[in-house]
Amino acid sequence: MGYGCSVSANTRPRGVTREEEEMALKITEECINCGACEPECPNTAITQGDDIYVIDPAKCTECKGAHDAPACAGVCPVDCCVSA
Ligand code: SF4
Ligand code: SF4
């Protein structure tokens, strides 16, 4: 029993709730403060922090809708823009 209920549950939209938290990149301490990533971000999610550059996870969309891949990760010379 309960098959009808299971089918209904599968209609829940994707990309909400928990997945939302994961839709952001972060900058690791490997950052050399070159500043290359900051102007590349379509959402102005990147700013210079006290020690290294930082990504505001509330603004970062992983460049969805703007680029095929995260722009910051594409320009970072030390590959320190990674999935959060
Ligand atoms: S992945 Fe895109 S939106 Fe997110 S911080 Fe990098 S450049 Fe900005
Ligand atoms: S491009 Fe990479 S190394 Fe340069 S400031 Fe951004 S995160 Fe740091």
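**Ligand shells, core and loop residues in a predicted model**

Ligand 2 is surrounded by 15 residues, and the closest are Cys 31, Cys 34, Ala 36, Cys 37 and Cys 76; a residue is near a molecule if its C-beta atom, placed from the backbone, lies within 6 Å of it. This is a predicted model, in which local features need pLDDT of at least 70, side-chain atom pairs count only at pLDDT 80 or more, and totals for chains, interfaces and linings use all residues. Residues are numbered from 1 along each chain as its sequence is written, while chains are lettered from A and ligands numbered from 1 in the order in which they are written.

**Ligand shells**

- The shell around ligand 2 consists of 13 nonpolar residues, two polar and no charged.
- In these counts Ala, Val, Leu, Ile, Met, Phe, Trp, Tyr, Cys and Pro are nonpolar, Asp, Glu, Lys and Arg are charged, and the others, Gly among them, are polar.
- Around ligand 1 there are 16 residues, with Cys 41, Cys 60, Cys 63, Pro 70 and Cys 72 the closest.
- The ligand 1 shell divides into 12 nonpolar, two polar and two charged residues.

**Chain overview**

- The protein chain has three helices and four strands, in the order α-α-β-β-β-α-β along the sequence.
- Helices (H or I, at least four residues) and strands (E, at least two) are DSSP runs, numbered from the N terminus.
- Of the 84 residues of the protein chain, 19% count as buried.
- A residue is buried if 20 or more other C-beta atoms lie within 10 Å of its own, exposed if 12 or fewer, and partly exposed in between, with C-beta atoms placed from the backbone.
- Among contacts in the protein chain with a separation of 6 or more, 63% join residues 24 or more positions apart; two residues are in contact if their C-beta atoms, placed from the backbone, lie within 7 Å.

**Nonpolar core**

- The largest nonpolar core has 14 residues, of which Cys 37, Cys 41, Ile 46, Ile 55, Cys 72 and Cys 81 touch the most other members.
- Two or more residues of this core come from each of β1 (25–27), β3 (53–55) and α3 (71–75).
- Such a core is a set of buried Ala, Val, Leu, Ile, Met, Phe, Trp, Tyr and Cys residues joined through C-beta atoms within 7 Å.
- Leaving aside residues up to four places away in sequence, Cys 81 touches Leu 25, Ile 27, Cys 37, Pro 70, Cys 72, Ala 73 and Cys 76.

**Loop between β3 and α3**

- Glu 62 is located in the loop between β3 and α3 and has phi near 60°, a positive value in a residue other than glycine.
- Glu 62 counts as buried because 20 other C-beta atoms lie within 10 Å.
- Cys 63 lies in the loop between β3 and α3; its phi is positive, at about 65°, although it is not a glycine.
- Cys 63 is buried, with 20 other C-beta atoms within 10 Å.
- Beyond residues up to four places away in sequence, Cys 63 touches Pro 42, Ala 69, Pro 70 and Ala 71.

**Ala 84**

- Ala 84 falls in the segment after β4 (81–83).
- With 13 other C-beta atoms within 10 Å, Ala 84 is partly exposed.
- Ala 84 and Ala 24 are 60 residues apart along the chain, and their C-alpha atoms are separated by 6.0 Å.
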